[in-house]
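Subject: Structure handover

Hello,

Here is the structure I said I would pass on. My notes on what was found in it follow below.

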Amino acid sequence: MDDNCYGHLGHLKNQHKLPAIMTPVSTISSAHSDFGLPDVTLTSHFTSLKLTPDYNDSDEEGDGHCHSFLLLDEKERLKVSSVETFVKRLNGYKSTDPVKVISIFGNTGDGKSYTLNQCFFRGAEIFRTSSEQKACTVGVWAAFDPSLNVVCLDTEGFSGSTAHNKQRTRLLLKVLAVSDVVIYRVKGERLQDDMFNFLGSASKSYIKHFQKALLSVCNRSIDPIKCADSVKGPTLCIFHETRNTEPLGRYNGKDVSEQIQDRFHELQLDIDGFSSLRYVGIQTIIPPTDFSQIREVLNEEIKTNCNRPQRSPHIVYLTLKALNDKFTGVIKTSIEPLFPDQHLTCPTVCQSCEQRCSNSVGHLKDNIPHFNNSKCRYQSQFENSVYICKVCADNGTPVAVTTKYTNDNQNSWFKYALSGYTIDCPQCGVIYRSKQYWYGNNDPEKTVVYTETKHIWPGMDLPSSSSMNPARKVLDGVTYLSETVASVSYEPSRLLSSWVADQFAPKYWKPNAEIKECIVCKLQFSSTSIKHHCRACGEGVCDECSKRTLCVPERGWNTPVRVCNFCYKRSGSISSNCSDSSSRGDENEVGARKFSEAVVQTLSSVASVLEYPKNLIKDTARPSYWVPDSEALECYICKSEFGSTLILHHCRGCGHGVCSGCSNHRKPVPHRGWPNPVRVCDLCSNQDT
């Protein structure tokens, strides 16, 4: 390399390039002649002599000397305005030669700039070094080594004092993306997790974001290179210098590269974004550092590395500019806490939404329950949706309310069809009755309560399921009743409904037992046919001849009700074809009829249940924590397949499908809403209640 490459350094090639400050003196003693130095006379005008380059002037271009220049500042602003300017500042570059790009990363104070100077510039201080506490490299600086045709990029240290930490990290990723070889400089006894975390994150970001951007730039480029090769990741070279410990070596049959890759895997990281990995470890007990090994490895990579083809400086600049234009913008600054909350808060996780408890560690010892203020996710197996009293919530003290059925201590299915349930608030008392009126009852969620999803912490009792499985209790009772009724046909339930209707019918209605045919179309009724009564004339009609409705105030029906086609045509007047029904209806009789209709509707609902096979309504009545029949293909315990010879049952404790042989036990399951002994599997039977 030409001596001119030292530029501002003068000819102190082998000396440490530290500033020399000389105070004013009149004359240097002639004794200096003993050292072969001429006598020098200094006047008061010479107050100092600086032997290091002035880095404020290091951006000069075309002066024939090698020096570094600022390429990107700490705020990601490109400081070189054009390709021509970039090429011109690469002193010693010949316009036809391709180049390689080598960048260096590491912590502040680990000697990154000094390493580049020693590896590429024979120790000349092309990149500034400093013994001060303040970082001497801010942003990204570039210099060109004409002997190897290498563009060197010196970067800011990770632990440098800056207010733009996140911008600095993004800036370094852009430099990594345009590099052919990346040197990671480590000066310490061991490789720390910070290095692995940065390289692993950089690899992931390169694959996810920068490869596509590089391919796009390559496709737009006129440079004759292969796009597929241009997007390959750079070579990673870890330069590790120790003092008191030996660097890594072969261990347990594994070379150093394999050991480092294992360390990445232990941290759940990968380095797929790098095409290859090299490690150079040296131990420096007595300075100076020996750079011969790292210099040899770098020369080998420059000459033989074919992961990326050599590029012209024009392509290097345009690629860096494209990446800088794409990955830019304001990043919200935030200071990471020294002790994150997850280190000090309870590690318990909600089983439903998987969010952590927000109380401090050890809060259970102070009788403080688990808590998280965020909303939970509802899951049917936990049934973690509860009712909250609206009145109490409006008063600032939300209270969970309970749903109870009348005479809960009885094991009767009929009560669920007729008696209904109540909602009790500990503060307000009974706030809702499902059967307060025989018809027209409002939904409780529209009037007195709202639903809230609760967190399910390990070890806590699940919310009571008593309000979740009444339909199943009805079905359990119907199981026996349906089999009994099936043996004597469907007529008893229909006759029961007709009898109840006749007991409450208005006087002008013809009794059901006397109605043999439709008064309009003369259709003959069978024992199972559905009969209707015209509210105007009281005659029996079929469904097809009584689809119209009218108000019949003279009969006490002040809202539209069912009338036959004859009465509808007469617009409410009493037809002469009807039987003697000219007297005005008694409102008490009409009120009794409305009451009876609610009773008949209830009986009809029960009768309709008996009309359908039990397995058709089974899934509708299934409690939410039960495994659906379609998914329970085999016994949960013995693994026998269900079929015509093996009946499917459900354990009331866990909800799994089991065979009868694995569910012979009976016991109460109060946390699932079964206060009386019910079927449980062998596993749940052995558990404590």
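Among contacts between residues at least 6 apart in sequence, 62% join residues at least 24 apart. Please keep in mind that this is a predicted model. The protein has 689 residues, and 41% of them are buried. Its secondary structure consists of 17 helices and 20 strands.

Helix α2

I start with helix α2, which covers residues 112-120. Of its 9 residues, 8 are buried, so the helix is mostly covered. The buried ones are Lys112, Ser113, Thr115, Leu116, Asn117, Gln118, Cys119 and Phe120. What lies over them? The cover includes the strands β2 (100-106), β3 (140-145), β4 (150-155), β5 and β6, together with helix α7. Just after α2 comes Arg122, which takes a positive phi of about 55°.

Helix α7 spans residues 292-304, and its axis comes within 10 Å of the axis of α2, with a crossing angle of roughly 70°. That angle makes α2 roughly perpendicular to α7. The crossing of the two helices is right-handed. On the α2 side the contact is made by Gln118, Cys119 and Phe120, and on the α7 side by Ile294, Arg295, Leu298 and Ile302. Sorted by class, the residues in this contact are 5 nonpolar, 1 polar and 1 charged. Gln118, Cys119 and Phe120 are also among the buried residues of α2.

Salt bridges

Side chains of opposite charge can pair when their charged atoms come close. How many salt bridges does the structure hold? There are 15.

Glu241 and Arg185 form a salt bridge through their side chains, with 2.6 Å from N to O. This pair links distant parts of the chain: Glu241 belongs to strand β6 (residues 235-242) and Arg185 to strand β5 (residues 181-187), and the two are 56 residues apart. Are these two residues buried or exposed? Glu241 has a relative accessible area of 4%, which is under 20%, so Glu241 counts as buried. Arg185 is buried as well, at 3%. The strands that hold them, β5 and β6, are listed among the elements that cover the buried residues of α2.

A salt bridge also joins the side chains of Lys254 and Asp262, at 2.7 Å from N to O. Lys254 is partly exposed, with a relative accessible area of 36%. Asp262 is partly exposed too, and its relative accessibility is 27%.

For Arg562 and Asp543, the N to O distance in the salt bridge is 3.6 Å. Arg562 is partly exposed, with a relative accessible area of 23%. Asp543 is likewise partly exposed, at 36%. Elsewhere, salt bridges that share partners join Glu76, Arg170 and Lys174 into one network.

Backbone details

A few backbone points in loops deserve a look. Which peptide bond is cis? The bond from Pro287 to Pro288 is, with omega near 5°. Pro288 is in the loop between β7 (276-283) and α7, and α7 is the helix that crosses α2.

Gln268 is not a glycine, yet its phi is positive, at about 60°. Gln268 is found in the loop between α6 (256-266) and β7. With a relative accessible area of 75%, Gln268 is exposed.

Asn367 has a phi near 60°, again a positive value in a residue other than glycine. The loop that holds Asn367 runs between α8 (313-326) and β8 (385-389). Asn367 is exposed, with a relative accessible area of 71%.

That is the end of my notes.

Regards

Methods. Residues are numbered from 1 along each chain as its sequence is written. This is a predicted model: local features need pLDDT of at least 70, side-chain atom pairs count only at pLDDT 80 or more; totals for chains, interfaces and linings use all residues. Side-chain values use heavy atoms; hydrogens and water are left out. Axes are lines fitted to C-alpha atoms, for helices over the stretch in contact, and angles run from 0 to 180 degrees between N-to-C directions. Helices (H or I, at least four residues) and strands (E, at least two) are DSSP runs, numbered from the N terminus. Angles under 35 degrees count as roughly parallel, over 145 as roughly antiparallel, 65 to 115 as roughly perpendicular and the rest as oblique. A crossing is left-handed if the near helix is turned anticlockwise from the far one by less than a right angle, and right-handed if clockwise. Contact means heavy atoms within 4.5 Å. Ala, Val, Leu, Ile, Met, Phe, Trp, Tyr, Cys and Pro count as nonpolar, Asp, Glu, Lys and Arg as charged, and the others, Gly among them, as polar. A salt bridge is a side-chain nitrogen of Lys or Arg within 4 Å of a carboxyl oxygen of Asp or Glu. Buried means under 20% relative accessible area, exposed over 50%, partly exposed in between (1.4 Å probe, protein chains only).
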